[in-house]
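Colleague: I would like to learn how to read strands, helices and charged pairs in a model. Please go through it one feature at a time.

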Amino acid sequence: MVALQGGRGPGRDTLLAMASRLRHRGPDGEGVYLGARAGLAHRRLSIIDLESGDQPIHNEDRSVWVVFNGEIFNYLELRRELQAAGHRFYTRSDTEVIVHAYEAWGDDFVGHLNGQFAIALWDERAARLLLVRDRVGIVPLFYRKERQRLLFASEVKAMLAVTPESPRLHAPGLDQLMTFWSPVSPASLFEGVQEVSPGCMVVLEGDELRQRRYWDWEFPLRDDYLDGSEAALAEQLHELLVDATRLRLRSDVPVGAYLSGGLDSSVLVSLIHHHSDTPLRTFSIGFSDDAALDESDYQQEMVARLGTEHSRIQCRNRDIADRFVSAIWHTESPLLRTAPVPMGMLSGLVQAHGFKVVLTGEGADEVLGGYDIFKEAKIRRFWARDPDSGYRPALLKRLYPYLDLSRAQGLAYLKQFFGAGIDDPEQPGFSHLPRWNTTARCKEFFSDDLKGRLREDAMEVMGRSFPPEMARWHGFNRAQYIEAKSLMGGYLLCSQGDRMLMQHSVEGRFPFLDHRVIEFANRLHPKLKMKVLNEKYLLKKAMQRYLPERIVRRYKQPYRAPDIAAFFHEGQAPDYVEAMLAADAVRAAGYFDAGKVGRLVQKIRRGRAIGYKDNMALVGILSTQVWHELFVNGREGYFAPVVADRLGTQ
Amino acid sequence: MSVSPENMQASQNEVREKIRRNILENYLFTDDPAALNDADSFLEKGIIDSTGILELIYFMEDEFGIKVQDEEMIPENLDSVDNLIAFVARKLNSD
């Protein structure tokens, strides 16, 4: 969806120019609303009500108009409720419930929606525009306030199509990305462009623009957790997940699922198998050049057990280099890892098999306590109670066994790496300090010019985004909040999620991110999420009936993809990589110190770059250089000979 | 064979230069000698991360023909240019 609102009323050509940049998000149709003061345009990916669901959609007297990207999963229930209250519908679409829900409940309509959405609603009588984003940030929505108009769109590139001046990098956005993996919402990488933050609505009335939060991740104050036996709570979780999955199978086109071989996707595919008539169609990716990253054995075990029709795509190192530019075109953001690129290949596989919708296990780790960073923080909190203990930090050795670090895990070093903030475990960002400190090393490559454009420390900006009541939550919950709001909302659901799915016109649906599941899980005691160091404890208890012991017990392997190895083979990289990292190109863009970048490249050529820092720095610098070439210089054509996938601009 | 004090000093300077050049080029990505003091802690200055240690150990083993034992992987041996020089000297003398 794209749209704009302006004093003199927008032109149709402007709207269509914006919409044409988003054809990949909606290849099935196009619709425009042109009013005296506002215009809305929409590109449609037809999933529900294929015949009459074209947007924009209006209310009975055509005074309220909406364009919307995403899904309202409980639209059937809302429709019945609104019809009973006298509202008349002219389509079978989920979109139409939005205009009637707005009429019925005003701005509070959003609290009635169970879904993933970016909504632009124009109330013509009140001359009021609402931009609304789903609770956790599954569907993107950006806006830009200019003197005479407000532009907004699902992706920034649509706005760039009608903005006369060249875009500029928002330097604090890059500084934050190279600390937290994404800018701190609502900032973006583009100067003057902001996102509608997850769980928020932006309201424009007259010249006044304000953002209101309607939902947030909330956790109990100390000891105010759900009562009940483990068995009873596990059963409640099971029921909620069954219903969340059932709602997400609503579709007028076939629905598939990603099967990684990990616990979450195995749970999800099992729920589909046991609680719906949907034929099981699953998709996965494997890494042929690095056996350590490949999970094919586990995928095959679940395929055999559930009898799914399964398709698999193999990713080689060179596939990542070939697809990197088109990935940046879609993410509109620099990356610190290449991991989104194979996810784009996977959505390509889904599209090639004629599917438009996949369910995935995204969100389970954040909601139910799966990540190593939660374990790490738990051990560090345990250690902080007795900072002189030798035994307590030694527990950190139990983490990350999949990494070949045994030689470098001397206790003294563990203490140094993970000891950040150990003197104050109650500070809000305690759980994430080691990760943020490690990531921030990339910033050593910043040019003096870029450093001169930074006025505020990224950590302070992040700290200001935390709610005041956070100080009264359990440390485990604080870590969950930060993870959900930073890495998940800012990176996993965007660069690695929506953007890589929509690259191939595929919609992802995430039962673990149903807000009822989140609200229930947030009230569980942390020990039910991580029992000692056993992650996602209650989820395993609730779901063990469906899963082989090997899947439940396997050590959690994070999804990773090759980084430097994807670009450099025997010291040589593809021409476009060499060109983007050349000193003159680095100086021309102005973000990084060309001398330092040159030395990093030399180190890589000598085969000496094996650390996190070098891998993150290389991917971060290269992706920022590509981002600059694509969006600031507007030279999409430059990459044409090396882009394996279309850029999606035609 | 006895080593004269001048030769000992010369070889220590050579070790110092090799170590400094390695740290400046591969961890600080600069040729500015002022960017690194010989007493700077690599950990406190954020020069080396957990995998950086691995790189440093490979460098020491390749460059000076020594073998770094697991129990020797402690900051007292590896956490500054000065510590590394002293460590190399101890290892070479003991071999």
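Colleague: Which residue of β11(A) is the bridge partner of A:L131?

Modeller: The bridge partner of A:L131 in β11(A) is A:V202. Before going on, note that this is a predicted model, in which local features need pLDDT of at least 70, side-chain atom pairs count only at pLDDT 80 or more, and totals for chains, interfaces and linings use all residues. Residues are numbered from 1 along each chain as its sequence is written, chains are lettered from A and ligands numbered from 1 in the order in which they are written, and side-chain values use heavy atoms, with hydrogens and water left out.

Colleague: What counts as a strand, and when do two strands pair?

Modeller: Strands (E, at least two residues) and helices (H or I, at least four) are DSSP runs, numbered from the N terminus. Two strands pair if DSSP finds at least two bridges between them. Here, β7 (residues 128-133) of chain A runs antiparallel to β11(A), and five bridges join them. β11(A) also pairs with β12 (residues 208-213) of chain A, in the antiparallel sense, over six bridges.

Colleague: Is β11(A) mostly covered or mostly open?

Modeller: In a regular strand the side chains alternate between the two faces of the sheet. For burial, the cut-offs are under 20% relative accessible area for buried and over 50% for exposed, with partly exposed in between (1.4 Å probe, protein chains only). β11 (residues 200-205) of chain A is mostly covered, with five of its six residues buried.

Colleague: Why is helix α3(A) described as largely enclosed?

Modeller: The helix, residues 95-105 of chain A, is largely enclosed by the rest of the structure because eight of its eleven residues are buried. The buried ones are A:T95, A:E96, A:V97, A:I98, A:V99, A:H100, A:A101 and A:Y102. They pack against β4, β5 (64-72), α2 (75-84), β6 (115-123) and β7 of chain A. Just after α3(A), A:G106 takes a positive phi of about 65 degrees.

Colleague: How should I read A:D134, and what does its side chain reach?

Modeller: Start with the terms. A salt bridge is a side-chain nitrogen of Lys or Arg within 4 Å of a carboxyl oxygen of Asp or Glu. Lys and Arg count as positive and Asp and Glu as negative, while His and the chain ends are not counted. A:D134 lies in the loop between β7 and β8 (142-145) of chain A. A:D134 is buried yet has no salt bridge, and the nearest side chain of opposite charge, A:R133, is 5.5 Å away. Its side chain reaches the backbone nitrogen of A:I138 at 2.8 Å and that of A:V139 at 3.0 Å.

Colleague: Where does A:E332 find its salt bridge partner?

Modeller: A:E332 forms a salt bridge with A:R499, the closest N and O atoms being 3.2 Å apart. The pair links distant parts of the chain: A:E332 is in the loop between α9 (317-331) and α10 (340-352) of chain A, and A:R499 is in helix α19 of chain A, 167 residues apart. A:E332 counts as buried because its relative accessibility is 3%, and A:R499 counts as buried at 4%.

Colleague: What about A:E456 and A:R464: how far apart are N and O, and are the residues buried or exposed?

Modeller: Their side chains meet in a salt bridge at 2.8 Å, N to O. A:E456 is partly exposed, with a relative accessible area of 40%, and A:R464 counts as exposed at 54% relative accessibility.

Colleague: Which residues of chain B form a salt bridge within a helix?

Modeller: An α-helix has 3.6 residues a turn, so residues three or four places apart point the same way. B:E14 and B:K18 both lie in helix α1 (residues 5-26) of chain B, four residues apart, about one turn of the helix. They form a salt bridge whose closest N and O atoms are 3.9 Å apart.

Notes: A polar contact is a pair of N or O atoms within 3.5 Å; within protein, one must be able to donate a hydrogen and the other to accept it, and residues adjacent in sequence count only if both atoms are side-chain atoms. Contact means heavy atoms within 4.5 Å.
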